[in-house]
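Subject: Structure handover

Hello,

Here is the structure I said I would pass on. Please open it before reading the notes below.

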Amino acid sequence: SKESGNNNEAKSFLKNQTLLRKKWLQQLKINETEALRIYDLVEWCDACSLLLCQNLVQPEKRKLEVSTGPDKKSYSLAQTGDKKITINPWPFENDKFEVNFEWRLIKKLQFSTSTEFRKEFLKAKVKETTWEVVKDISRKKKNKV
C-alpha cells in the first residue's frame, strides 16, 4: 500500500493483517460485505451509546442525529418523557426496552500518570442512569390521519 512506502516492517504488518482478515472471515463464514455491515452496526451502536452516556439527549422532543445505520438510513434520537427516548426510524424488534449504565464524574481534566487517574477514578462516586427506549407510536397515528 502507498502508506507503507519502503518500510518493510509496515509492509509485513499489513500483509499479516490481510491474511488474518481472510482467516477470520472464513472462520465466521461471512464475506467482506457482511463484515462491513456488522461493523457499521457496531459503529452505530457506539454513536448511540455515546449520546446517552454523555447526557447529550435534548429536552422537549428535539431530535438529535445518531448517525447513519448499517442500512444507510439516517437515525435520530429524541426524548419523549422523563428518562424515555425514542429512535426514528425504529430499528428494533421489541417496542420498548431499558438501557442502564454506570458512570463517574471526574472533575480533573489532566493527569500526569495513570496512577493519578486511577486514584481520582476510584474516589469518584459511582452513579447509575436508566433510559427507557420506546417506539414512538404517535408518529404512526399522525401518518394514518
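The notes below go through confidence, the sheet, the core, the salt bridges and a few points of backbone geometry.

Confidence

Please keep in mind that this is a predicted model. The mean pLDDT of the protein chain is 88, and 91% of its residues reach 70 or more. Confidence is highest in helix 3 (residues 114-123), at a mean of 96. The lowest value belongs to helix 4 (residues 137-144), where the mean is 54.

Five strands form an open sheet with mixed pairing, in the order 1-2-3-5-4. Strand 1 (64-68) and strand 4 (96-104) are the edge strands, and each of them pairs on one side only. From one strand to the next, the twist averages 30°.

Helix 2 (residues 32-53) packs on this sheet and touches strand 1, strand 2 (74-81), strand 3, strand 4 and strand 5. The direction of helix 2 makes about 160° with that of strand 1.

Two of the pairings can be followed residue by residue. Strand 3 (residues 84-88) and strand 5 (residues 126-134) pair in the parallel sense, over two bridges. Here K84 stands opposite E132, and I85 stands opposite V133. Strand 4 and strand 5 pair in the antiparallel sense, over nine bridges. In that pairing R104 stands opposite V126 of strand 5.

The core

Which residues have the most contacts inside the largest nonpolar core? They are L52, V57, V66, L77, I85, I87 and W131, in a core of 16 residues. The elements that give two or more residues to this core are helix 2, strand 1, strand 2, strand 3 and strand 5. Helix 2 gives the most, with five residues.

W131 is worth a look on screen. Leaving aside neighbours within four places in sequence, W131 is in contact with L52, N55, V57, Q79, K83, K84, I85, F97, E98, V99 and F101. That list includes L52, V57 and I85, which are also named among the core residues with the most contacts.

Salt bridges

The count comes to six salt bridges. Three of them are described here.

R21 forms a salt bridge with E32, with the closest N and O atoms 4.0 Å apart. Because R21 lies in helix 1 (residues 8-28) and E32 in helix 2, the pair ties together parts that are 11 residues apart in sequence. Both ends are partly exposed: R21 has a relative accessible area of 42%, and E32 has one of 40%.

D40 and K72 meet through their side chains in a second salt bridge, at 3.0 Å from N to O. This pair links distant parts of the chain, with D40 in helix 2 and K72 in the loop between strand 1 and strand 2, 32 residues apart. Are the two ends buried or exposed? D40 has a relative accessibility of 18% and therefore counts as buried, the cut-off being under 20%. K72 has a relative accessible area of 59% and is exposed.

E132 in strand 5 and K84 in strand 3 are 48 residues apart, and the pair links distant parts of the chain. K84 is partly exposed, at 34% relative accessible area.

Backbone geometry

Most residues other than glycine have a negative phi, and most peptide bonds are trans.

- The peptide bond from N88 to P89 is cis, with omega near -5°; P89 is placed in the loop between strand 3 and strand 4.
- K61 is not a glycine but has a positive phi of about 60°. K61 lies in the loop between helix 2 and strand 1 and, at 58% relative accessibility, counts as exposed.
- K72, the salt-bridge partner of D40, has a positive phi of about 70° although K72 is not a glycine either.

Regards

How values were computed. Residues are numbered from 1 along each chain as its sequence is written. This is a predicted model: local features need pLDDT of at least 70, side-chain atom pairs count only at pLDDT 80 or more; totals for chains, interfaces and linings use all residues. Side-chain values use heavy atoms; hydrogens and water are left out. Two strands pair if DSSP finds at least two bridges between them. Helices (H or I, at least four residues) and strands (E, at least two) are DSSP runs, numbered from the N terminus. Axes are lines fitted to C-alpha atoms, for helices over the stretch in contact, and angles run from 0 to 180 degrees between N-to-C directions. Contact means heavy atoms within 4.5 Å. pLDDT is the predictor's confidence in each residue, from 0 to 100. A nonpolar core is a set of buried Ala, Val, Leu, Ile, Met, Phe, Trp, Tyr and Cys residues joined through side-chain atoms within 4.5 Å. Buried means under 20% relative accessible area, exposed over 50%, partly exposed in between (1.4 Å probe, protein chains only).
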